[in-house]
Amino acid sequence: MKISVIGCGYLGAVHAATLASMGHTVVGIDVDPARVAQLAGGRAPFFEPGLDELLRDGRATGRLRFSTAFADAAGAQMHFLCVGTPQSKTSDGADLSYLVSASKSLLPHLSRGDAVVGKSTVPVGTVDKLGRILAARPDVLLGWNPEFLRQGTAVKDTLVPDRLVYGVRGGKEGAFARRSDGTQGAARGVTAVLDAVYEPLLRAGIPRLVCNFATAELIKSASNAFLATKVSFINAMSELCDAAGADVTELSEAMGMDPRIGNRYLHAGLGFGGGCLPKDIRSFRAQAQALEVRSVEDWMGVVDSINLGQRARTAEVAKELCGGSIAGRTVTVLGAAFKPDTDDIRDSPALDVALRLASAGAHVTVTDPKAINNSWMRFPQLRFEASAARALEGAELVLLLTEWAQYRDLSPAAVGQLVRRRTVLDARNVLDAAAWQAEGWTVRGLGTNHAAALTEQISAG
Ligand SMILES: NC(=O)c1ccc[n+]([C@@H]2O[C@H](COP(=O)([O-])OP(=O)(O)OC[C@H]3O[C@@H](n4cnc5c(N)ncnc54)[C@H](O)[C@@H]3O)[C@@H](O)[C@H]2O)c1
């Protein structure tokens, strides 16, 4: 099928490249000419494992191209909207101006029977709003197919998703023809077009759920809200563990063994960041407020404040480890990306903590395997060093803030030779504390401070 993908960021570029790998003929359209030129050259404008290879393959087969001209979307039967929906500059709600603008630009190039399907994460009610823009073309089908990919594993997540969700007008009832005996017949409308797009995935047994627009919009928001809730829950427990002399890693391991709870997203640490979860829970909060559902509004507020509190808490522990003041201390921060296996620094907890320490007077050097170039352009007030070994030289405090495998696997003996003082704050709770302590390191985590609490109790008692 001929497909256009509007907006070629983390979501759209991966979506376009994977669709081409499934055999479709795809044009990716973006308003950023530099991004389009790079993608057209077969190179991803950001680090995402496996994407460069897919872009090169798509280019070689001639099935994948990129353009800044919306006119190039003409002739495609399916148009996916993948533009950004960032937090509004003036409120907690999502900024839908990019979606509105992309829809208006696409409108003159649509033909009878085309399908326009959004993948961006949007507040409930957005599809109806876009429907009003597209009302000038009643012969065009509209749908919403929210995306659940995770940066770092985006290619795999797109090719082998847990599920496909189709939001269609009228929900399941309108999506299928009815047989004379009243049973469900063949898919029709936008459901049929989406089924044709995802035919290889459906054949492989990926579940597909068809629902109405509002449900599809809420499935994505509620899923993110639940993940954020799990992270903030265990982070709140980590604070409780520190206060009570318990160990949060043991606590979460035991909790996670209960299949009703599960251990995914139940790992205490510095908390979540990035271009999705933080803005999505704020948008969800704003939606609940608009719909006057106080419980969800309050809930999301608490989840957000626990998450942001972890950043302040980490900076406080760092100061504590430096004897109460960090001014003038040499500090090395391991990690700048918001999570491992990406170079994305949007709302990065690691950089947030680094900036807090720098503004408290510390000499902060940040290192990261992939995110140094984009970081130093955004934050010239911090010092960046691509080589972890050079970044660690002379450190009086090391903070592990993004759990890249290469930092988890650092040799405490080798790092000990580089630093001035063997003190590490493992704000992701991933280091083997015993192995580091055996090399003479003072190790602090978040919610794992039971040994220190015990020492205090013993000396007090
Ligand atoms: N990044 C993720 O992991 C992820 C996962 C699931 C869902 N989402 C959702 O997908 C959407 C996009 O996220 P992203 O991370 O790819 O954002 P992004 O900022 O990386 O990409 C957005 C792209 O849209 C382009 N754009 C903006 N206005 C445009 C217009 N009018 N016409 C054409 N292109 C335009 C931008 O130039 C940019 O390249 C968001 O709603 C996000 O919440 C993202």
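Q: In β16, what is the bridge partner of Leu425?
A: Arg444 in β16 is the bridge partner of Leu425. Strands here are DSSP E runs of at least two residues, helices are H or I runs of at least four, and both are numbered from the N terminus. This is a predicted model: local features need pLDDT of at least 70, side-chain atom pairs count only at 80 or more, and totals for chains, interfaces and linings use all residues. Residue numbers start from 1 along each chain as its sequence is written.

Q: How do β15 and β16 pair, parallel or antiparallel?
A: Parallel, over 3 bridges, with β15 covering residues 423–426. Pairing takes at least two DSSP bridges between two strands.

Q: What's the strand order in that sheet?
A: β13-β12-β11-β14-β15-β16, an open sheet of 6 strands with parallel pairing. The edges are β13 (383–384) and β16 (442–444), each pairing on one side only.

Q: Which strands does α13 touch?
A: Helix α13 (294–321) packs on β14, β15 and β16, at about 165 degrees to β15. Contact means C-beta atoms, placed from the backbone, within 7 Å. Angles run from 0 to 180 degrees between N-to-C directions, with axes fitted to C-alpha atoms, for helices over the stretch in contact.

Q: And α14, what does it lie across?
A: β11, β12 and β14; α14 (349–359) runs at about 160 degrees to β12.

Q: Switching to the ligand. How many residues surround it?
A: 27, and the closest are Gly7, Gly9, Leu11, Ser120 and Thr121. A residue is near if its C-beta, placed from the backbone, lies within 6 Å.

Q: Which helix gives the most to that shell?
A: α4, with 4 residues. Helices α1 (10–21) and α4 (97–106) each supply at least two.

Methods. Contact = placed C-beta atoms within 7 Å.
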